[in-house]
Amino acid sequence: AGVSQEFDLSQCVREPIHLLGGVQSYGALVAARRGDAVVDTVSRNAAGVLGRAARDLLGRPVTELIGQEQWDRARESAEAVDVDVDAGADPAATDSGAVARQDGPASSGVLPMTLEGVDGPRLFDVTVHRTGDLLVLEFEPRAEGGPFVFQNFYPRVRRALQKLQGASDVTECCAAAVREIRALTGYDRVVAYRFDGRDGPGQVIAEDRSEGREPWLDLWFPATDIPPQARRLYARNWIRVIGDVDDRTAGLVPERRADTGEPLDLSASVLRTVSGYHLEYLRNIGVASSMSVSLLHEGELWGLIACHGDEPRRLSPEVRAACEFFGIALSLQLAAVAGREEADELARSRRSLASVLARLTSGASDDWMRPGSGLVELLDADGAVLLRGTETVEAGAPLPEALPGLLANLARRGAVGEVWSSDRLPEVLGLEPEEAEAQGVPAGLLLLPFNRDGDLLAWWRHERPAPREWAADPSRPVRTGPGGERLTPRGSAAVYRATVRGRSAAWSPAQRVVAAELWREVSGLLTRQVVALEARNT
Ligand code: BLA
């Protein structure tokens, strides 16, 4: 338990993980200017890995190391291949932990290269990408098994993809994916981890593990385990590999670039050294090596495939490419499955909408708000309310006490004709769940303003507490002890039960669509009524 002061979690959020100024020491990095090939930045371990000391490379043409022909090929490959997934980057994020946006999309490709050394030729797989005016070359000594050969892994990847295609829902799809990735890589644990909200906690929804490891399936992990700047970076590249958590990072020379005053931007680097916090996290849970692959939905980070090894483990560029490819395919497949589910739900909701609308066109104006009209059920809500002038028409369960007062305020958040919704209204209002309950604030709200005068239609939902099993205490993810700060252990041995409060069931995209469709009909009707009323009065 904490003795001295509390660990300041905000320092994790501020750490600029793309500017840590080092690479994993089994490989070496050389960055040269695209225009004149002059070397700008080199990793300190160049002498050991490449056979040429960093000081002999800096300020000289990189062609002295790799030759003109290999330089030309590197330049070509970086212009040709585009692996950047820029869509998720947040241009508004400018805090120091933010990931700098690049001039253009980063590009990378893998090339076999041979360097002549005093001890004979050395073989490398070289990953190339562009950042600003630099071409970054990352040299990985070639492992046994020969050069990068597409045919070596393609049949396995194709088989794995077929398994994915057979899956009919998200969980099944992820279960197939973790099995295939473990088979492809040999890690001891592979999980699919899904986020609850952009910067929220996440849950293990599929797992494949070697014998003797404790199960993590269904466990929740605190949001702070993956800070926001890491999530932003992971939305921009598909994969990262940590070969050995005890590796001594090879620093970059110069430490800071003359023109920017900052270390070289390693956002797109494959050898990038990682945050010390995260390395401690991994050591803490007995992991020696890791790899994670991003899962994206419409440019947003939806989750991760996370892999852990008991032993240090590097991945050859071809296996890395296979995993990256797999992440892309899985993301597409998840989008397809979600799209199908959404379309089915929308078709069902539209049928219910039709019966509500049947009442809207016939008879009295408020018929469609009466019990049995299906209005409340349409959105699976607990109640609905229509505000028009001084009139309040309710449907469903009794109106929560605080709601009429709140609606006037909240209506301003939605544009006319646009749905505004939240499944965590207390949080939006800055209330603790208990306060919200005491004040009669519902947990979920979906509203549609008719105009700027406060006329609106809204549905609300009661709180639905979600009991969760956590792999660590979500309110104390880090503790301070005599030996300094320690991440608390993670895993099922440390299971901690806590219930998430102040939330309702989530409003689905289909529900938002039918709400907007109903709004269009109702507002047309209201306009006609006003026009008719005015005509009668004149
Ligand atoms: C990164 N944290 C990560 C990554 C994962 C997790 C997968 C990506 C890097 C990798 O592939 O290893 C977390 N791993 C998990 C979770 C599961 C898992 C949740 O397997 C569940 C199954 N982490 C903390 C705290 C801090 C922190 C308190 O717990 C901050 C003090 C930081 N995590 C942190 C940082 C990174 C990270 C900074 C980015 C590492 C990097 O890319 O440099």
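The protein chain contains 14 helices and 22 strands; these are DSSP runs numbered from the N terminus, with helices being H or I of at least four residues and strands E of at least two. This is a predicted model, in which local features need pLDDT of at least 70 and side-chain atom pairs pLDDT 80 or more, while totals for chains, interfaces and linings use all residues. Residues are numbered from 1 along each chain as its sequence is written, and side-chain values use heavy atoms, with hydrogens and water left out.

Of the 538 residues in the protein chain, 51% are buried (under 20% relative accessible area, with exposed meaning over 50% and partly exposed in between; 1.4 Å probe, protein chains only). Among contacts (heavy atoms within 4.5 Å) with a separation of 6 or more, 68% are between residues 24 or more positions apart.

**Ligand site**

The ligand is surrounded by 31 residues, the closest being Cys 12, Tyr 234, His 278, Ser 290 and Ser 292; a residue is near a molecule if one of its heavy atoms lies within 4 Å of it.

| Residue | Distance |
|---|---|
| Tyr 234 | 2.5 Å |
| His 278 | 2.7 Å |
| Ser 292 | 2.6 Å |

Taken alone, the ligand exposes 880 Å², of which the protein buries 99%; accessible areas come from the Shrake-Rupley method with a 1.4 Å probe, and for residues only the protein chains shown count as cover. Two or more residues of the shell around the ligand come from each of strand 7 (189-195), helix 7 (228-234), helix 8 (276-284), strand 12 (289-297) and strand 13 (300-309).

**Backbone exceptions**

Most residues other than glycine have a negative phi, and most peptide bonds are trans. Val 253 and Pro 254 are joined by a cis peptide bond, with omega about -10°. Pro 254 is in the loop between strand 11 (250-253) and helix 8.

Ala 37 has a positive phi, near 70°, and lies in the loop between strand 2 (28-33) and strand 3 (39-43). Ala 37 counts as buried because its relative accessible area is 6%. Phi of Glu 298 is also positive, near 50°, and this residue is in the loop between strand 12 and strand 13. Glu 298 counts as exposed because its relative accessible area is 74%.

**Glu 517**

Glu 517 belongs to helix 14 (residues 509-537). Its relative accessibility is 17%, so Glu 517 counts as buried. Apart from neighbours within four places in sequence, Glu 517 is in contact with Arg 350 and Leu 353.

Methods
A polar contact is a pair of N or O atoms within 3.5 Å; within protein, one must be able to donate a hydrogen and the other to accept it, and residues adjacent in sequence count only if both atoms are side-chain atoms.
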